[in-house]
Amino acid sequence: MSEQDAFKPFAVPSLAILGGGPGGYEAAMVAASMGSQVTIVERAGLGGSAVLTDVVPSKTLIATAESMNRSIDSTKLGVSFNADDGDAKTALRADLQQINQRVMKLAKEQSTDIRRGLEAVGVRVVIGTGRLLDGRTIEVDRGESKEIIKADAVLVSVGAHPRELATAKPDGERILNWTQIYNLEELPEELIVVGSGVTGAEFASAFNGLGSNVTLISSRDQVLPGEDSDAAAVLEDVFERRGLRVLSRSRAEAVERTENGVVVTLGDGSKVTGTHCLVCVGSIPNTTGIGLEAAGVELTPSGHIKVDGVSRTSAPNVYAAGDCTGVLALASVAAMQGRIAVAHLGGDGVRPLKLTQVSSNIFTSPEIASVGVSEADLASGKYQGDVVKLSLQTNARAKMRGVNDGFVKIIARKGSGTVIGGVVVGAGACELIFPIALAVTQKLHVDDVANTFTVYPSLSGSISEAARRLHVHM
């Protein structure tokens with residue numbers, strides 16, 4: 001035995017993975033590196049819905065919309081456009097067919113890159129529809145043939161699909177779910193988005209940026225229910241300024257196709273008309289008909305797989321990761337669940353998943369990122385803490401870039417001064433949340449953040465400034 005092998009963690013000899021999304025392919029990479037023989041079964045393509053129909057496509061579309069928003073806003077910085085009226089909005093036009101072709105091309109390339117990476121470390125990829133025969137066996141339907149895969153352990157990472165309303169069935173042309181939106185060849189003139197959660201808000205923001213007249217139907221008091229209320233307020237102000245109409249406290253009861261568009265009937269009987277409707281009302285786990293019962297895997301009433309902090313299910317040697325578990329529908333969480341599962345299987349050092357350390361981002365314009373304890377948690381009495389919020393309007397770098405919307409918020413534990421949460425609203429919030437997430441995960445004191453050098457001028461300077469103000473408050 002070599003010295004390197006002597007320090008290698010014990011790996012489960014063989015692992016079969018059902019589902020090639022982030023939970024599956026990340027687990028496969030780790031297991032292969034630990035010496036396991038890994039087989040991954042995927043029916044569509046590596047990366048799963050996260051890469052093929054959800055995260056990668058939507059964020060690529062959003063990046064195009066954000067580019068248009070920046071171009072339009074650049075007129076305030078002295079940039080002019082060769083348009084008759086000098087208006088950037090009339091000078092710019094979104095070619096949706098070209099945009100969607102790029103979106104799907106990029107998604108396919110990403111899926112191919114993932115497969116190549118897996119095969120390079122020895123992972124066997126099987127394309128087909130799989131189901132569990134028991135806790136150690138997967139049957140794969142490959143169309144013309146079937147294959148039985150046996151392994152010492154199984155990881156289930158089958159994801160979820162869009163939830164549909166019985167009164168709003170998608171037809172893929174006028175009434176759409178978020179997997180079908182990329183089939184459009186022309187920009188919707190009047191897009192109605194049903195649902196103001198993360199997916200609905202992101203698509204509403206994106207198509208508004210691309211040039212559609214957008215109406216967002218929200219059954220709640222604010223868009224992004226459950227998110228930071230200050231962040232939601234900033235987003236609603238931006239929506240109003242950009243001409244995006246939000247119908248709050250309005251529930252969509254039915255969506256019908258008309259000769260030239262759609263009509264949405266609300267709970268009070270009023271109707272909203274448009275050319276297209278995008279329905280974003282949540283998702284359903286892909287746990288039906290895949291043999292979970294035969295393997296002894298328990299489900300929740302919602303159909304999600306029950307898992308513990310190290311991704312174990314109720315069945316011996318069967319683990320689960322990703323959206324099918326209902327823990328938190330984020331690709332990063334799915335990937336972490338997969339890595340934790342393999343580490344636990346292999347006897348490697350492992351820490352249970354802690355949702356208070358998960359950072360997330362909503363890719364609206366402006367972006368909204370958060371991590372850890374929220375102000376709602378403080379209000380409920382679950383935690384005690386001090387809060388500082390700094391508007392980006394006071395940040396020199398933000399002024400230079402013409403950024404007027406957004407803020408940095410840091411939450412510190414009362415008494416100890418440990419950073420326990422934070423929110424960033426603004427361009428690039430997905431990047432700016434990282435230092436706050438690092439502080440939360442490593443239990444840093446606000447003085448540790450305050451006394452760390454930042455570049456001047458920079459948006460991250462507001463993070464350091466917020467931490468310095470929290471020192472005063474203690």
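Lys443 is placed in the loop between helix H13 (429–441) and H14, where helices (H or I, at least four residues) and strands (E, at least two) are DSSP runs numbered from the N terminus. The model is a predicted one, in which local features need pLDDT of at least 70 and side-chain atom pairs count only at pLDDT 80 or more, while totals for chains, interfaces and linings use all residues. Residues are numbered from 1 along each chain as its sequence is written, and side-chain values use heavy atoms, with hydrogens and water left out.

**Backbone features in loops**

- Most residues other than glycine have a negative phi, and most peptide bonds are trans.
- Although Lys443 is not a glycine, it has a positive phi of about 55 degrees.
- Lys443 is exposed, with a relative accessible area of 57%; here buried means under 20% relative accessible area, exposed means over 50%, and partly exposed lies in between, using a 1.4 Å probe and protein chains only.
- Arg249 also has a positive phi, of about 50 degrees, and is not a glycine; Arg249 is found in the loop between strand E12 (245–247) and strand E13 (252–257), and counts as exposed at 60% relative accessibility.
- The peptide bond from Ser365 to Pro366 is cis, with omega near 5 degrees, and Pro366 lies in the loop between strand E19 (359–362) and strand E20 (367–372).
- The peptide bond from Tyr456 to Pro457 is cis as well, with omega near -5 degrees, and Pro457 is found in the loop between helix H14 (446–450) and helix H15 (461–473).

**An annotated span**

- UniProt, in an unreviewed entry, lists residues 359–467 as "domain: Pyridine nucleotide-disulphide oxidoreductase dimerisation"; such positions are given in the numbering used here, feature names are shortened, and annotations may be inferred rather than shown by experiment.
- In the model, the span of residues 359–467 is 32% helix and 29% strand, and its end C-alpha atoms lie 18 Å apart.

**Two buried residues with polar side chains in contact**

- Ser157 lies in the loop between strand E7 (153–156) and strand E8 (160–162), and counts as buried at 8% relative accessibility.
- The side chain of Ser157 has a polar atom 3.3 Å from the backbone nitrogen of Gly24, and this side chain also reaches the backbone oxygen of Ala321 at 3.2 Å.
- Not counting residues up to four places away in sequence, Ser157 touches residues including Leu18, Gly19 and Cys324, where contact means heavy atoms within 4.5 Å.
- Thr137, in strand E5 (residues 137–141), counts as buried at 3% relative accessibility.
- A polar contact of 2.9 Å joins the side chains of Thr137 and Asp134; a polar contact is a pair of N or O atoms within 3.5 Å, and within protein one must be able to donate a hydrogen and the other to accept it, while residues adjacent in sequence count only if both atoms are side-chain atoms.

**An exposed strand residue**

- Lys271 belongs to strand E15 (residues 271–274) and is exposed, with a relative accessible area of 53%.
- The side chain of Lys271 makes a polar contact of 3.0 Å with the side chain of Thr265.

**Nonpolar cores**

- In soluble globular proteins, nonpolar side chains tend to be buried together.
- A nonpolar core is a set of buried Ala, Val, Leu, Ile, Met, Phe, Trp, Tyr and Cys residues joined through side-chain atoms within 4.5 Å.
- The largest nonpolar core has 39 residues, and among those that touch the most other members are Leu61, Phe203 and Leu278.
- Apart from this core lies another one, of 27 residues, among them Ala412, Ala429, Ala437 and Val440.

**The second largest pocket**

- A pocket, on a 1 Å grid over the protein atoms alone, is an open set of points where a 1.4 Å probe fits, with protein on both sides within 12 Å along at least five of seven lines, and its lining residues have an atom within 4 Å of a point.
- The second largest pocket is lined by 30 residues, of which Asn69, Arg70, Asp73, Arg242 and Ser365 lie nearest its centre.
- Helix H4 gives the largest share of this lining, six residues.
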